[in-house]
Amino acid sequence: MTAPVERRVRVAAIQAEPVWNDLQGGVNKVISLLDDVGKEGANVVGFPEVFIPGYPWSIFTATPLDNAPFMEEYFHNSLAVDSDEMRRIQAAVKENGTFCVLGFSERYQGSLYISQVRNIPVFINTDGQIVHHRRKTKPTHVERAYWGTGEGDSLKCVVDSPFGRIGALNCWEHTQPLLRYYEYQQDVDIHVASWPVLWDRPESVGSRWPYFITGDMSSRLSQVMAFEGACFVLVCTQVMSEENFDKNKPIATMPSDKEGILYANVDVNDKLRAKQWLDVVGHYSRPDLLSLRVNTHPSKPVFFAEEPGK
């Protein structure tokens, strides 16, 4: 009889404060954290949503006119995929041998995108090469005034690695049942849930602050992902220190300011035990009754007509 073979992987979830609106400082901090997890022997590391250059909470608390100078600064401190800054991060990934899911605000021409080389989150492999780059398919609420949307090619959110099949989504992408379902169909082993800084409902605004914008709800959504997908989930989130509270103008409360890295040693094959009970895209599905249609075609603003005769 063949015994199950263990596939041990050491994972690391980053909980840290961004270097707010400072591209070079943010790159330096990412590299420093990569060095830290490399020394601890981590195989896979996940970063929060838009860790570079931080989540701009002022978009919710200031008018577009009042917030314009802040967001202009934010634009110039966002990270381009094809840039010297990204190449520095790739070199650090290669040096530390850790598969990295990095959430960042992507600057592309005149627009911003919540990206991952994973916010997008961007995926970077252990050779220091970008193996997948995706953008948040639907920015949340007022985010849509500042960031563009990901297209059909961003529906792919799982890639192969030496440490298993690594997936990632940003923030409220976890509320989209069909997007989660399509990730399960991609056979995810380890999922990176990238979140901005969130906190408990502040007393100063009482019931006007909805429960669904809290750290507790973010954790519950991430747990749903783990249960439905029978996968390991890393919850990666930003924090905010008191000294940066006024600069970001979130709300009248102090969120968590405790940085840390959570490590865990997991056996990727444990998901097969869970799927004996629940495989929502396998034996516990009814495709004859309910199925998902997926369009992975990337829409583009400009298409070139073929030359005559071709």
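This is a predicted model: local features need pLDDT of at least 70, side-chain atom pairs count only at pLDDT 80 or more; totals for chains, interfaces and linings use all residues.
In soluble globular proteins, nonpolar side chains tend to be buried together. In this model, the largest nonpolar core comprises 25 residues. Within this core, the residues with the most contacts are Leu-34, Phe-47 and Ile-89. At least two core residues come from each of strand S1 (8-16), helix H1 (23-39) and helix H4 (84-96). The greatest contribution is that of H1, which supplies 7 residues. The surroundings of Ile-89 were examined with its neighbours within four places in sequence left aside. On that basis, Ile-89 is in contact with Val-27, Val-30, Ile-31 and Leu-34, and also with Ile-52, Leu-79, Leu-102 and Ile-124. Another core, of 22 residues, lies apart from the largest one. Its members include Phe-70, Trp-147, Met-240 and Phe-245.

Most residues other than glycine have a negative phi, and most peptide bonds are trans. Val-50, although not a glycine, has a positive phi, near 35°. With a relative accessibility of 1%, Val-50 counts as buried, because the cut-off for that class is under 20%.

A positive phi is also found at Asp-187, again a residue other than glycine, with a value of about 65°. Asp-187 belongs to the loop between helix H5 (177-185) and strand S12 (190-195). Its relative accessible area is 34%, so Asp-187 is classed as partly exposed, between the limits of 20% and 50%.

Two packed helices are described by the angle between their axes and the distance between the axes. For H5 and helix H6 (residues 215-229), the axes come within 10 Å and cross at roughly 40°. The two helices are therefore oblique to each other, since this angle falls between the 35 degrees below which helices count as roughly parallel and the 65 degrees at which roughly perpendicular begins. The crossing of H5 and H6 is right-handed. On the H5 side, the contact involves Arg-180, Glu-183 and Tyr-184. These residues meet Val-224, Met-225, Glu-228 and Gly-229 of H6. By residue class, the contact of H5 with H6 consists of 3 nonpolar, 1 polar and 3 charged residues.

Terms used:
Residues are numbered from 1 along each chain as its sequence is written. Side-chain values use heavy atoms; hydrogens and water are left out. A nonpolar core is a set of buried Ala, Val, Leu, Ile, Met, Phe, Trp, Tyr and Cys residues joined through side-chain atoms within 4.5 Å. Buried means under 20% relative accessible area, exposed over 50%, partly exposed in between (1.4 Å probe, protein chains only). Helices (H or I, at least four residues) and strands (E, at least two) are DSSP runs, numbered from the N terminus. Contact means heavy atoms within 4.5 Å. Axes are lines fitted to C-alpha atoms, for helices over the stretch in contact, and angles run from 0 to 180 degrees between N-to-C directions. Angles under 35 degrees count as roughly parallel, over 145 as roughly antiparallel, 65 to 115 as roughly perpendicular and the rest as oblique. A crossing is left-handed if the near helix is turned anticlockwise from the far one by less than a right angle, and right-handed if clockwise. Ala, Val, Leu, Ile, Met, Phe, Trp, Tyr, Cys and Pro count as nonpolar, Asp, Glu, Lys and Arg as charged, and the others, Gly among them, as polar.
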